[in-house]
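I opened a new page for this chain today. My plan is to go from the whole fold down to single residues.

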Amino acid sequence: MIDTSTSDTPIFVPKDFKTLFTKPCAFDERMSNEWHQEWFTGTGISPAEHPLARQIAFSACGNCGSNDVLVIAAQWCVSYHSGDAYWDYEIECRLCGKYTKASFCEND
Ligand SMILES: [Zn+2]
């Protein structure tokens with residue numbers, strides 16, 4: 001199942017991500033970890049252009065339903081033990097300015 005929530009400030013990246021990051025989307029060594037999660041973060045890229053576009057079902061804004069969104073953080077991984085897929089992402093809505101976070105776990 002997919003868990004989603006909407007907020008006024010980003011959850012996965014610092015509030016100053018627009019100035020902190022230099023690229024729309026880049027591999028994030030700082031957030032990637034021993035659970036084989038590979039994070040991509042950035043100032044924002046359209047869902048269709050994201051490197052994980054084939055693995056993750058990016059959705060519309062959770063607040064207003066607009067598809068005019070930018071992906072600011074995303075990770076995808078497969079458990080070495082169970083083979084289940086996991087992913088998380090966060091999008092910024094260019095229409096209402098809210099942030100929508102989604103988390104997916106295949107075996108839930
Ligand atoms: Zn919106």
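**Burial and overall fold**

I looked up burial first: 25% of the 108 residues in the protein chain are buried. I note that this is a predicted model.

Next I listed the elements. The protein chain has one helix and six strands. From the N terminus on, I read the order as β-α-β-β-β-β-β. The radius of gyration is 13 Å, close to the 13 Å from the globule rule for 108 residues, so the chain is as compact as a globular protein of that length. Along its principal axes, the C-alpha trace spans about 40 × 30 × 20 Å.

Residues 24 or more positions apart account for 54% of them.

Which elements give two or more residues to the largest nonpolar core? I found the core first: it has 18 residues. Ile56, Val71, Ile72, Ala73, Ala74, Tyr89 and Ile91 have the most contacts inside it. The elements are strands S3 (38–45), S4 (69–78) and S5 (85–93). S4 gives the largest share, six residues.

Leaving out residues up to four places away in sequence, Ala73 touches Phe12, Val13, Trp39, Thr41, Tyr89 and Glu90.

**Trp87**

I moved on to Trp87, in strand S5. Is Trp87 buried or exposed? I counted 21 other C-beta atoms within 10 Å, and the cut-off is 20 or more, so Trp87 is buried. With the residues up to four places away left out, Trp87 touches Gln55, Ile56, Gln75, Trp76 and Phe104. I also checked Leu20, 67 residues from Trp87 along the chain: their C-alpha atoms are separated by 23 Å.

How values were computed: Residues numbered from 1 in each chain as written. Predicted model: local features only at pLDDT ≥ 70, side-chain atom pairs only at ≥ 80, totals over all residues. Core = buried A, V, L, I, M, F, W, Y, C linked by C-beta atoms within 7 Å. Buried ≥ 20, exposed ≤ 12 C-beta atoms within 10 Å, placed from the backbone. Helix = DSSP H or I, 4+ residues; strand = E, 2+ residues; numbered from the N terminus. Contact = placed C-beta atoms within 7 Å. Rg over C-alpha atoms; globule rule 2.2 N^0.38 Å.
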